[in-house]
Amino acid sequence: MSEFNQWRIVCPHCGHTSTVRSSKQMGDTVRESTVTCDNPECMHSWVAQLVAVRTIAPSMNPKPGVYIPLSPRSQAAEQQAAAAQLELGMTHPPPRPG
Ligand SMILES: [Zn+2]
């Protein structure tokens, strides 16, 4: 059993499970794979790309020049964290109403 089978890519034509035949790195964020449909009545073969599209948790060892935008969820979490830090850094609490 190949490690590539973990991806469980399905055929875009018949929906059958498919097998990654080969795979090569096309850049820091793109990997291309040749995939073949396992259905003997289809046999479609195509090239699929695995692309890094969003960052969920930033790398603790970032590579210069590699930029993968934060997912909206992570951005919201970061803004909340920044806001919380601002509040903690305040020397005077905001005035209470009344
Ligand atoms: Zn197929």
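**Figure 1. The protein chain holds one helix and three strands.** Helices (H or I, at least four residues) and strands (E, at least two) are DSSP runs, numbered from the N terminus. Along the sequence, the elements of the protein chain follow the pattern β-β-β-α. This is a predicted model, in which local features need pLDDT of at least 70 and side-chain atom pairs count only at pLDDT 80 or more, while totals for chains, interfaces and linings use all residues. Residues are numbered from 1 along each chain as its sequence is written.

**Figure 2. An open sheet is formed by three strands in the order β1-β2-β3.** The pairing in this sheet is antiparallel; two strands pair if DSSP finds at least two bridges between them. β1 (18-25) and β3 (45-51) are the edge strands, each pairing on one side only. From one strand to the next, the twist averages 30°, where axes are lines fitted to C-alpha atoms, for helices over the stretch in contact, and angles run from 0 to 180 degrees between N-to-C directions.

**Figure 3. β1 and β2 form a hairpin.** Four residues lie between the two strands. Seven bridges pair β1 with β2 in the antiparallel sense. Serine 23 stands opposite serine 33 in β2.

**Figure 4. Strand β2 (residues 30-37) is joined to β3.** The two strands run antiparallel and are linked by seven bridges. Threonine 34 has valine 47 in β3 as its bridge partner. Threonine 36 stands opposite serine 45, also in β3.

**Figure 5. Alanine 57 lies in the loop between β3 and α1 (72-89).** Is alanine 57 buried or exposed? Alanine 57 is exposed because 9 other C-beta atoms lie within 10 Å. A residue is buried if 20 or more other C-beta atoms lie within 10 Å of its own, exposed if 12 or fewer, and partly exposed in between, with C-beta atoms placed from the backbone. Leucine 70 is 13 residues apart from alanine 57 along the chain, and their C-alpha atoms are separated by 7.9 Å.

**Figure 6. Burial and contacts in the protein chain.** Of the 98 residues in the protein chain, 3% are buried. Among contacts between residues at least 6 apart in sequence, 19% join residues at least 24 apart. Two residues are in contact if their C-beta atoms, placed from the backbone, lie within 7 Å.
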